[in-house]
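Visitor: I would like to go through a protein model with you. Could you show it to me, please?

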Amino acid sequence: MKRRTKPRTQTKLKVPLGIRTNSNARCSQFKSAATVEWEVQDGLRRQRNFLMSLPTQTRGALSGIATSSGASPDDDIGLSGSTYDVDLVDMADGQEISHEGGEFSDAVKCTLEFAAQSKRGSRRHGKGAQERRQRLKMMYAHWDSQMERLVDTYLEWKHGSRDLAPMEEDEHEFHVSVIGTFERNICLAIHQRIEEPANVALIRRGLLGCSPVEPSVAIELRTLELYHRLRCRHPQLSIQAMTRALCDIHDVNYRTCYRDQFSIAFDAYLCILRRIHSKVNQALGRGTKDWRAQNMCPCCTYELEDEIPLSPKILVSHDGNNSSKRVAGVGSADERQFHSSYFLSREQVDRFKDEVQHRQSNHDVDQPYEDDEHKAETDENLASCLRWKSSGPDHKKTALDIYETTGIFASACRHGFIIKVCEMVRSGELAKYPLAITDALLDLYGQDIGVGYDVGCTFSKIVQDSPLLGTKAHDARITFCVNAFHGYAHNRLCQVQHHPMYLNGFGLEDLKTMERVFSASNAVSRTIRYATQYHWTQALNLHFQQWDDDNRKWERTSDAFKHVSSADGINYTKDARQTLHLEARRRAALDGLIVRMRTVEDLEQALGIRERWTQDSSEYQSALERMQTHNFRCALDRLQQLVVQRLLELAKANMAGTGYKLRVHIGKAIKARSKAITSALNEYNDLAPLMTPPAPCLEWNDIVHYGLLSEFELLKHSHSQQDILCKPWTVPGNREVAAKYFKLKRAYEELQRLNVEIRRLRTFIYDEDTFLAAHVERLGLIDSTLAREVEELRMRRRHINSVHIARLDAIEAIPGFSGSPGHGIRQGSGTPSTGVILTHVDAAHEDEDEELDDIAADDAWNEDMTHLADVLEGIALD
């Protein structure tokens with residue numbers, strides 16, 4: 001038998017137990033020095049490979065975090081040159097950060113989570129995700145199978161008797177732990193009938209379980225309703241915060257499973273409320289998918305007989321918001337889809353993904369839009385509007401690759417009621433989103449719609465050129481304009497054609513409704529960044545429902561981030577892309593040269609020129625002089641136009657009554673337009689010495705210091721084609737009179753529209769009360785619980801409408817009221833409204849009725865305070 005040789009002894013290094021290689025091995029608390037060194041080098045190598053695979057901005061952010069914590073920077077790891085540079089947008093080069101912020105922290109968090117998953121192993125993670133997906137799928141299937149019985153039992157508990165019935169012999173008893181707002185019961189006995197789901201028995205006791213089959217924990221329905229109301233009023237109150245508050249009240253240590261249990265019960269509770277809402281709508285004959293959007297705002301959609309026709313008949317506004325983001329890959333185990341009457345599906349939006357031709361595709365990535373305005377294949381008066389991000393080419397509107405949903409694009413009427421919303425998926429504000437919303441508007445409201453959009457000037461051109469929407473929009477006579485806030489920062493010629501002050505029928509509406517909508521919806525953003533697709537849509541749907549309810553009540557009256565700079569490096573991918581671009585341009589120029597040579601030959605043959613002109617030919621000299629004169633006059637006219645626009649915008653920025661935000665916005669537009677003036681000035685100075693006699697050259701300082709049109713000496717130059725100073729619009733007084741004229745004209749239109757909307761609202765209130773009262777009486781013979789639910793809706797509407805009636809009476813009592821008092825007849829109904837006059841709702845609300853007389857005085861006081869605030873703001877700014 002061969003003798004076994006003793007292995008060579010090595011130096012043993014004692015290490016902590018936390019890094020043992022095998023807890024069951026003999027002497028596992030010791031490692032050799034060579035093993036420890038190999039593991040250290042292997043760990044550093046894997047760390048370096050992982051960091052090199054990350055995008056540039058993420059590596060820079062991680063390096064900045066390490067450096068700020070006292071660690072040395074990763075000098076051997078470059079911060080540029082990664083193959084992922086194309087996928088991650090460089091925020092320093094113009095990537096827009098949302099109002100809520102948090103983009104950098106989200107990127108770092110996603111990177112660390114990805115590293116943790118890589119360390120655990122993709123196979124193990126994939127198996128766990130699949131098992132969780134199956135568990136969730138089974139749980140939701142169990143909830144859906146018993147949801148109808150839960151809805152019926154909830155209505156019986158809400159509107160019926162809550163007395164506990166004695167336990168019968170065939171009933172089963174089980175125990176649960178009950179969590180209330182201020183009370184907690186460790187073991188509560190619940191009586192369950194034969195073949196009855198456990199949650200049905202719990203709802204009869206005012207509880208809802210945290211599991212669909214065998215719940216061991218139940219939450220009071222009043223607690224769920226309390227959180228439902230709090231969440232509607234304060235969207236930033238997350239489920240985790242509510243669960244922690246309940247733990248503090250009951251003196252219990254918080255655990256993550258408590259949040260999951262509360263979330264499951266709250267989802268089921270919201271589903272019950274949605275089923276009840278749908279059941280009520282079906283009973284009222286309002287169950288179609290488009291009924292809400294077509295009847296959301298009575299002032300806009302409740303048309304009456306014998307009323308003055310409005311044109312446009314409805315005013316809406318479009319806009320996009322990039323705060324409501326959702327991180328990609330989060331909650332993939334939850335495969336549920338939330339169906340909402342507010343949201344358009346992704347399939348509806350993607351119908352328009354190929355509608356827009358890249359008419360600005362010839363722009364280089366690193367050049368601003370204003371440098372290529374002469375080459376833009378659009379109308380001349382829209383050329384300066386192409387610098388807006390919303391109207392730029394779609395291939396420039398990228399987003400961080402860590403987000404699947406990068407925001408929302410929405411539309412609302414002039415009174416703030418939400419019409420349609422769509423999510424922006426892995427992109428910026430592409431043209432397909434407003435195209436899909438516009439198509440939905442045409443289907444909902446038909447003809448004669450007025451739409452306000454930040455870039456309504458260029459978007460109208462997009463709609464006109466759209467194969468799917470162009471003819472439809474033309475037949476519907478839809479009108480696009482730029483909202484009042486952004487309008488003053490657009491080109492002056494664009495303002496004259498697309499500003500609502502110069503368009504008939506728009507009245508005094510500013511069309512900035514979406515800014516107010518997004519100001520409120522931004523509060524939801526932080527709680528849905530890491531939500532599933534289902535919970536993301538559910539949270540926004542809940543917020544928009546509350547927003548519309550508040551509009552019916554007439555109640556409408558970020559984390560900082562630090563930029564981490566990256567070291568300069570060679571980006572071979574970008575260099576290769578630029579080389580290919582230059583080569584393509586060279587081939588195109590060569591092809592163009594050949595085409596032009598053939599064109600010259602054809603022109604010579606057509607004109608009968610036997611000998612080709614040379615530089616010494618008299619004909620050549622005459623044509624050259626004419627071309628130089630033409631080019632110089634074009635450059636002169638363009639320079640004059642840009643400087644005059646700048647002077648007019650400066651006058652608007654310094655005008656009394658212009659708000660601070662609008663002044664800042666106009667200032668940014670003036671600063672951006674200065675680049676176009678510089679380009680036009682250089683072109684003018686290049687052509688000025690070639691004139692006969694030579695025209696004087698101009699300096700930049702000669703132009704930027706002009707404050708009035710009379711100081712602009714270039715307008716008096718002999719080479720100018722016309723004396724612009726003789727035009728009437730150059731006189732400041734004439735411009736002021738013109739602006740007052742258009743504002744007065746729009747004010748009369750606003751009065752006409754308000755008179756129509758006031759009568760519509762009063763008629764709707766009377767018709768709605770009669771309609772609901774009739775259905776309460778009809779449903780009382782069929783389903784008493786559903787009748788009580790409709791009666792509750794009717795009384796809630798009566799409380800709200802009593803305020804409306806008081807305000808409408810106060811408006812009609814104004815001596816200068818020019819509308820038709822009283823209510824009218826809705827188109828197609830054929831009978832006048834016979835609703836009950838809302839004076840006193842019931843005895844419990846007599847105090848509220850006594851306060852309604854002071855509403856008009858309160859409104860007048862609020863108007864005086866608003867006017868005083870405007871005056872003080874003007875004094876502070878001047």
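Guide: We shall look at a sheet, then at some helix pairs, and then at a salt bridge. Please keep in mind that this is a predicted model.

Visitor: Let us begin with the sheet. In what order do the four strands stand?

Guide: The order is β4-β3-β6-β5, and the four strands form an open sheet with mixed pairing.

Visitor: Which strands stand at the edges?

Guide: Those are β4 and β5 (207–209). Each has a single partner strand, so one side of each is left without a neighbour in the sheet. From one strand to the next, the twist averages 40°.

Visitor: In what sense do β3 and β4 pair, parallel or antiparallel?

Guide: Strand β3, residues 172–179, pairs with strand β4, residues 184–192, in the antiparallel sense, over seven bridges. A hairpin of four residues joins β3 to β4.

Visitor: Which residue in β4 is the bridge partner of E173?

Guide: The bridge partner of E173 is H191 in β4.

Visitor: And what does V178 stand opposite in β4?

Guide: In β4, V178 stands opposite N185. V178 also stands opposite A218, which belongs to β6. Strand β6 covers residues 217–220, and its pairing with β3 is parallel, over three bridges.

Visitor: Now the helices. How is the packing of two helices described?

Guide: Two packed helices are described by the angle between their axes and the distance between those axes.

Visitor: Then what are the angle and the distance for α6 and α7?

Guide: Helix α6 (residues 221–233) and helix α7 (residues 239–249) pack at an angle of about 135°, and their axes are 11 Å apart. The two helices are therefore oblique to each other. Their crossing is right-handed.

Visitor: Which residues of α6 and α7 meet there?

Guide: From α6 there are T223, L226, Y227 and R231, and they meet I239, M242 and L246 in α7. By class, this contact of α6 with α7 has five nonpolar residues, one polar and one charged.

Visitor: How do α12 and α13 cross?

Guide: Helix α12 (residues 432–445) and helix α13 (residues 456–465) cross at roughly 70°, with axes that come within 11 Å. They are therefore roughly perpendicular to each other. The contact is made by P434, L435 and T438 of α12, together with F459, I462 and V463 of α13. The classes in this contact of α12 with α13 are five nonpolar, one polar and no charged residues.

Visitor: What about α17 and α18: at what angle do they cross?

Guide: Helix α17 (residues 513–528) and helix α18 (residues 533–552) cross at roughly 150°, and their axes come within 10 Å. The crossing of α17 and α18 is right-handed. Among the residues that make the contact are V517, A520 and V524 of α17, and W536, L540 and F544 of α18. The whole contact of α17 with α18 has nine nonpolar, two polar and one charged residues.

Visitor: A change of topic: how many salt bridges are there?

Guide: The count comes to 38 salt bridges. In one of them, the side chains of D439 and R351 meet at 3.6 Å, N to O.

Visitor: Where do D439 and R351 lie?

Guide: D439 lies in helix α12, and R351 lies in the loop between α11 (346–350) and β9 (403–413), so the pair ties together parts that are 88 residues apart in sequence.

Note on methods: Residues are numbered from 1 along each chain as its sequence is written. This is a predicted model: local features need pLDDT of at least 70, side-chain atom pairs count only at pLDDT 80 or more; totals for chains, interfaces and linings use all residues. Side-chain values use heavy atoms; hydrogens and water are left out. Two strands pair if DSSP finds at least two bridges between them. Axes are lines fitted to C-alpha atoms, for helices over the stretch in contact, and angles run from 0 to 180 degrees between N-to-C directions. Angles under 35 degrees count as roughly parallel, over 145 as roughly antiparallel, 65 to 115 as roughly perpendicular and the rest as oblique. A crossing is left-handed if the near helix is turned anticlockwise from the far one by less than a right angle, and right-handed if clockwise. Contact means heavy atoms within 4.5 Å. Ala, Val, Leu, Ile, Met, Phe, Trp, Tyr, Cys and Pro count as nonpolar, Asp, Glu, Lys and Arg as charged, and the others, Gly among them, as polar. A salt bridge is a side-chain nitrogen of Lys or Arg within 4 Å of a carboxyl oxygen of Asp or Glu.
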